[in-house]
Structures are given as structure tokens and as C-alpha cells.
Amino acid sequence: MFSAYCLYSARAAYRNHATHISQTHLCLHIAHCSSQHAPLSLIDPLIGMGIRTMNQVIHNDSRAPFWSQLLALFAVTVVTQMSNIAFQKLSNNEPFLPTVLPGLVFLSVLTIPALFIGLKLGSKVGLGLINKKSMGEGCADNGRIDNGLGFAVLAAIPLGLVMLALRWLLADSLPAELPAYGFRGPVGGLLVSAGAAVGEEIWFRFGLMTLLLYIASNMRHSALDTHTIPIIIILVVGFGFGLAHIPSVVAYGANTSFAVWATIGGNVAVAVLYGWCYWRYGLLSAITAHFSVDVVLHVLPALM
């Protein structure tokens with residue numbers, strides 16, 4: 001699950017990589033077992049390659065091979081998304097295997113183009129897993145990771161708590177059909193947080209936001225010299241991010257006007273943080289921020 005990705009980032013920040021790698025494999029094994037030996041093990045070699053690729057990106061200034069990065073990030077996306085689906089299906093005593101092929105097709109259509117855009121065009125506008133521009137010249141890689149992950153966590157947790165408090169304060173104004181935060185339980189909340197953090201940041205920030213920044217820089221060479229155009233793009237992508245969450249509200253039968261606009265507003269608010277983390281520090285920071293917010297919203301209430 002995303003615990004593989006998140007643990008790697010966190011351990012990197014504390015310079016304890018060797019211990020982390022074994023824990024990453026353990027987390028992936030737990031996610032695999034939770035799906036009752038679903039065919040996620042087919043991509044286990046890609047996960048090993050993913051760990052090696054991230055290790056190369058973090059420890060060296062030279063870029064890891066393009067295809068290694070693409071396959072590694074695709075594998076992490078598939079694992080996090082399918083682990084969440086498997087857990088939800090099995091928890092509801094529903095079959096999981098019939099969802100594997102459609103799920104892989106859907107994820108491929110969304111993820112592979114986003115990864116191509118992020119990996120091919122991101123470097124042209126100074127973006128990547130870890131933005132080289134984030135700390136200036138001559139700074140150690142660990143410093144960049146520390147700053148990016150530290151800012152993400154420190155900003156995301158208070159924002160998540162604010163969102164959680166607003167949800168409780170506005171509970172009487174929201175339709176009863178809308179599930180409360182934490183309804184999936186701690187494990188389900190952790191899995192959905194991980195799947196959303198990895199997948200949505202690759203689709204919206206690494207893919208869509210990178211594409212818009214690249215177009216803006218080509219239309220006007222000085223477009224990215226200040227934060228103005230990037231902030232506008234962050235807001236545009238954030239609004240799209242909010243709209244993308246409306247189908248889930250409709251699926252619950254909770255599509256009142258207030259619920260729809262509250263969903264859009266809340267998602268735009270968190271998307272601004274995710275977009276800034278990506279623009280300033282890189283994809284790992286955006287994923288960490290997203291995961292931190294979602295843990296507060298989906299896991300914390302389940303433990304209370």
C-alpha cells in the first residue's frame with residue numbers, strides 16, 4: 001500500500017534507508033495478504049525495482065532511467081489502488097477478482113499518460129519526484145527531502161484537523177446519506193488514504209499540473225519566473241480536483257447543492273496545499289501532504 005511509498009520517504013528524511021527497505025517489503029506483503037493473495041504479486045518485481053529506483057533518485061543527482069521510474073511509479077499506483085479495492089470488496093463479502101482486469105485498464109488509461117507527462121515534461125519546468133530547485137545549488141539531497149516532507153506534514157496535519165472540525169460543525173447541514181469520516185475503519189481509512197495520495201497526485205499534479213505549467217512556459221518564457229502563473233494553475237487544477245470528487249457524493253445519494261459546493265470547496269482547499277508542495281518541493285512532498293491530510297480525515301475519526 002502507500003505505506004511502502006510513504007515509509008520510504010519518511011525513512012529517507014531521517015537517513016535510515018537500509019532499515020526502511022525491509023519494512024517496505026513487509027508493508028507490501030501485508031497489503032498483498034489483506035487482499036487474500038489477489039494477483040497483485042505479479043508486479044512484485046516492479047516494486048523491487050521501484051525501491052531501487054527511488055534509492056537512486058534520492059542518493060544521486062543523476063536521474064534514474066526513464067522506464068524504471070515510469071514502471072516503478074505505475075507499480076506503486078496499482079498496488080495502492082488495488083489494495084484499497086481488494087480490502088473494500090472483501091470486507092463487504094464481495095468478489096474481488098472480477099474487478100482486477102477493469103481496474104488495471106482504468107488505472108493504465110489514467111496513470112501511464114500522467115507519468116509520461118510528469119517524467120518527460122516535468123524536468124523541463126524544474127519538477128520531478130524531488131525538485132532540484134527546492135533548496136538551491138549545492139544543497140544535499142537529504143536536505144531537500146527533509147524540507148519537502150517536513151513542510152508537507154506540518155502544513156497538512158493542521159489543515160486536516162480544520163477540515164475535520166468543519167465537517168463536524170456542518171454535520172446538520174449535510175445530507176444524512178453522506179457517510180461520516182472514518183466510516184471505513186482504521187485499516188480501510190489507511191488504504192483509501194494511501195490510494196488517493198499516490199494516484200491522485202500522479203494524475204492531477206504530476207500529470208495535469210505539469211502539462212499546464214509546460215504549456216504556460218512555452219507560451220511565455222517568463223511565465224514561471226514568479227509564483228503568479230503557477231498559483232493560478234494550482235487553483236485551476238484544484239477546482240478540477242474538486243469536481244472530480246462530485247461523482248462519489250452523487251453515488252451516496254447526497255448530491256444536495258450545499259454538499260456539492262462543500263465538497264468542491266474542501267477539495268480545492270487541500271489541493272492548493274498539494275499543488276504548492278509539488279511546485280515547491282516535488283511529487284514526494286505532494287504525496288506526503290495528501291496522505292497526511294487523508295489520515296487525519298479517514299483514520300483519526302475511526303480511532304476516536
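Predicted model: local features only at pLDDT ≥ 70, side-chain atom pairs only at ≥ 80, totals over all residues.
Two packed helices are described by the angle between their axes and the distance between the axes. For H4 and H5 the angle is about 140° and the axes lie 9 Å apart. That angle makes H4 oblique to H5, because only angles over 145 degrees count as roughly antiparallel.

The pairing of H10 with H11 gives another case. These two helices pack at an angle of about 155°, and their axes are 7 Å apart. H10 and H11 are therefore roughly antiparallel to each other, since the limit for that class is an angle over 145 degrees. The crossing of H10 with H11 is right-handed. The length of H10 was also checked against expectation: at 1.5 Å a residue, its 24 residues should span 34 Å, and the 34 Å between its end C-alpha atoms agrees with this. After H10 comes Gly282, which has a positive phi, near 125°.

H11 also packs against H7, at an angle of about 155° and with the axes 8 Å apart. H7 and H11 are therefore roughly antiparallel to each other. Their crossing is right-handed. The contact of H7 with H11 comprises 17 nonpolar, five polar and three charged residues.

Rolling a probe the size of a water molecule over the atoms shows where empty space is left. The largest pocket has a volume of about 1,400 Å³. Its lining is made up of 45 residues, and those closest to the centre of the pocket are Arg184, Glu200, His245, Ser248 and His298. Two or more lining residues come from each of helix H4 (66-91), helix H5 (100-121), helix H6 (141-169), helix H7 (185-219), helix H8 (228-244), helix H9 (246-251), helix H10 (257-280) and helix H11 (283-303). By class, the lining of the largest pocket consists of 28 nonpolar, 13 polar and four charged residues.

Conventions:
Residues numbered from 1 in each chain as written. Heavy atoms only, no water. 1 Å grid on protein atoms, 1.4 Å probe; cavity = no way out; pocket = protein on both sides within 12 Å on 5 of 7 lines; lining within 4 Å. Points joined across faces, edges and corners; volume = space filled by probe spheres on them. Helix = DSSP H or I, 4+ residues; strand = E, 2+ residues; numbered from the N terminus. Nonpolar A, V, L, I, M, F, W, Y, C, P; charged D, E, K, R; others polar. Axes fitted to C-alpha atoms, helices over the stretch in contact; angles between N-to-C directions. Parallel < 35°, antiparallel > 145°, perpendicular 65-115°, else oblique. Left-handed = near helix turned anticlockwise from the far one by under 90°. Expected span 1.5 Å × (residues − 1).
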